[in-house]
Amino acid sequence: FGAAISFIVGIVVVYQVIYTDVSEHLPEYATLKAMGYKDRDLSLVVLQESLILAMMGFIPGYLASHGIYYLLAEFVELPVSMELGITFQVFTLNVVMCMISGAIAMKKLRTADPADIFY
């Protein structure tokens with residue numbers, strides 16, 4: 001249950017980050033639309049940003065959790081270890097979470113109107 005709630009909270013947090021970035025760069029997206037780029041092309045940019053965010057968030061999270069596992073094993077003497085299968089599952093869920101957030105944030109991208117950049 002805790003993992004499911006964490007997954008949902010993660011989607012919301014990543015959505016807010018991507019939505020803010022898209023909102024701040026809406027004039028640039030509108031300019032690209034005016035130049036002939038399609039919504040699909042701009043959506044791929046947002047999904048790429050989501051993937052980069054997933055990877056850049058996973059790396060320090062993995063290192064921090066690996067350090068915590070080491071501390072637990074050494075000082076508390078709990079027999080824990082970071083298994084490769086769990087690592088891949090967490091990475092996959094992380095990527096899915098960020099892609100869902102990016103897909104939701106694409107709604108804002110579709111509102112970019114090239115005529116609005118001249119006001």
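I began with one contact (heavy atoms within 4.5 Å): Val14, Val17, Ile18, Asp21 and Val22 of helix 1 meet Val46, Glu49, Ser50 and Leu53 of helix 3. I sorted this contact of helix 1 with helix 3 by class and got six nonpolar, one polar and two charged residues. In this scheme Ala, Val, Leu, Ile, Met, Phe, Trp, Tyr, Cys and Pro are nonpolar, Asp, Glu, Lys and Arg are charged, and the others, Gly among them, are polar.

Ground rules next. The model is predicted, with local features needing pLDDT of at least 70 and side-chain atom pairs pLDDT 80 or more, while totals for chains, interfaces and linings use all residues. Residues are numbered from 1 along each chain as its sequence is written, and side-chain values use heavy atoms, without hydrogens and water. Helices are DSSP runs (H or I, at least four residues), numbered from the N terminus.

Geometry of helix 1 and helix 3. Their axes come within 11 Å and cross at roughly 135 degrees. Axes here are lines fitted to C-alpha atoms over the stretch in contact, and angles run from 0 to 180 degrees between N-to-C directions. The angle makes helix 1 oblique to helix 3; oblique is what remains after under 35 degrees (roughly parallel), over 145 (roughly antiparallel) and 65 to 115 (roughly perpendicular). The crossing is right-handed, meaning that the near helix is turned clockwise from the far one by less than a right angle.

I moved to helix 1 (residues 2-24) against helix 4 (residues 84-109): about 40 degrees, axes 8 Å apart. That makes helix 1 oblique to helix 4. This crossing is right-handed too. Among the residues that meet are Phe7, Gly10 and Ile11 in helix 1 and Leu93, Val96 and Met97 in helix 4. I noted 15 nonpolar, four polar and one charged residues in the contact.

What angle do helix 3 and helix 4 make? I read about 145 degrees, with axes 8 Å apart. The crossing of helix 3 and helix 4 is right-handed. Their contact includes Leu42, Ser43 and Val46 of helix 3 and Thr87, Val90 and Phe91 of helix 4. It has 17 nonpolar, five polar and no charged residues.

Last, the largest pocket. I noted a volume of about 310 Å³. Of its 13 lining residues, Ser6, Val90, Leu93, Asn94 and Met97 are the closest to the centre. Helix 1, helix 3 (39-76) and helix 4 each give two or more residues to the lining. The lining has 10 nonpolar, three polar and no charged residues. A pocket is an open set of points on a 1 Å grid over the protein atoms alone, where a 1.4 Å probe fits, with protein on both sides within 12 Å along at least five of seven lines; lining residues have an atom within 4 Å of a point.

How values were computed: Points joined across faces, edges and corners; volume = space filled by probe spheres on them.
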